[in-house]
Amino acid sequence: MRVMVALAVSGILLVAPAGPVSAHVVPADVAAWSAQRYAGRALPDPRHADPAAVAEFFDAAGPVESAYLARSYPRLVNGLDGAPLALRLAAGDGVRLLDDPRGDGRVAEVVGDPLTARRIVVLVPGVDTDAANFHSGLGGVLRRAPAWQAKQVHDAAGPGVAVVAWLGYDPPEGLGIASARTERARDGAAALVRFLRGLAVQRPTATFVLIGHSYGSAVLGYAAPALPAAVTDLVALGSPGMGVRDAAALRTTARVWAGRAPNDWTRFVPGVRVLGFGHGAKPTGAGFGSREVPCGDVDGHDGYFVPGTSSLAALAGIARDMS
């Protein structure tokens, strides 16, 4: 039987489990967290709570109680959309905004300072990306690693920009049926919208750029209608399609950009969507209505973030809002 202790902090009663608490966000953690009460209120459900409600909860809790919760449930608070960014970073070794080990893992890491950045870029990777290759790249090819890609964008963009490598969904494994369908992209889109709403509620003066590489661009397409107004730019690189026929169908006020290397294999992907298969028109097509990201000197499907390329220079300009 779990022994419970009551901790009075600043005159407010918190009920918390005695002894160490697992740092992993597993069902037992969620259940233990949800069983607690703060000033007679349940803690926000990390699976369903609206990011704005999460922000209100931590505002009411104050810094001492919030820090206590982060120490007790570091990985859970770290990934709780709407929680104060400083608290999430403190619980995530200073760089992580998500660290969920379940399944193939979900990870989000930031390069730069999201607490002060004027512009925040969120990079969404594609097929075959998981927590195991987040830093090393698929097959050990570094240019495929989201963490490395985020650093290149940050370094090229310069001061005032923070870049998040966001693997907050489960991309398809390989180029099979799952990669040709939309279910993983739709699930990713819902998670991405929550993540962006959590950032926006904590950084109301910042604006946001989303970069979707490969299947990640489909995630952007399904997220687009529900994204916060502070998202000013959507960028699709090496895209198989964004799930729509043209940019207007994305139903967003954000500017839409697209680029594809001359020898990117996605040029062979049919720009159709039939019976749940395919991702619609290519955003690089003449009739789509996107702005061009120059990619004439980019080599292959994974070369968009390589230093010295025209694509990386363009991404840095979009990140700085110099278009």
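Predicted model: local features only at pLDDT ≥ 70, side-chain atom pairs only at ≥ 80, totals over all residues.
Biologist: Why is Ser-214 called buried?

Modeller: Its relative accessible area is 7%, and buried means under 20%; Ser-214 is therefore buried. Ser-214 lies in the loop between S9 and H8.

Biologist: Which residues does Ser-214 touch, not counting residues up to four places away in sequence?

Modeller: Ser-214 touches Gly-126, Leu-237, Gly-238, Ser-239, Pro-240 and His-301. Contact requires heavy atoms within 4.5 Å.

Biologist: What makes S5 and S12 the edge strands?

Modeller: The open sheet has eight strands in the order S5-S6-S8-S7-S9-S10-S11-S12, with mixed pairing. Strand S5 (96-100) and strand S12 (291-292) each pair on one side only.

Biologist: How do you know that S7 and S8 pair?

Modeller: Two strands pair if there are at least two bridges between them. Strand S7 (residues 119-124) and strand S8 (residues 161-167) have five bridges, in the parallel sense; the bridge partner of Val-121 in S8 is Val-163. Helix H5 (residues 146-157) packs on the sheet, touching strand S6 (106-111), S7 and S8, and its direction makes about 165 degrees with that of S8.

Biologist: Why is Ala-32 called buried?

Modeller: Ala-32, in helix H1 (residues 27-35), has a relative accessible area of 14%. The cut-off is under 20%, so Ala-32 is buried. The C-alpha atoms of Ala-32 and Tyr-73, 41 residues apart along the chain, are separated by 9.7 Å.

Key. Residues numbered from 1 in each chain as written. Heavy atoms only, no water. Helix = DSSP H or I, 4+ residues; strand = E, 2+ residues; numbered from the N terminus. Axes fitted to C-alpha atoms, helices over the stretch in contact; angles between N-to-C directions. Buried < 20%, exposed > 50% of the residue type's maximum accessible area, 1.4 Å probe, protein only.
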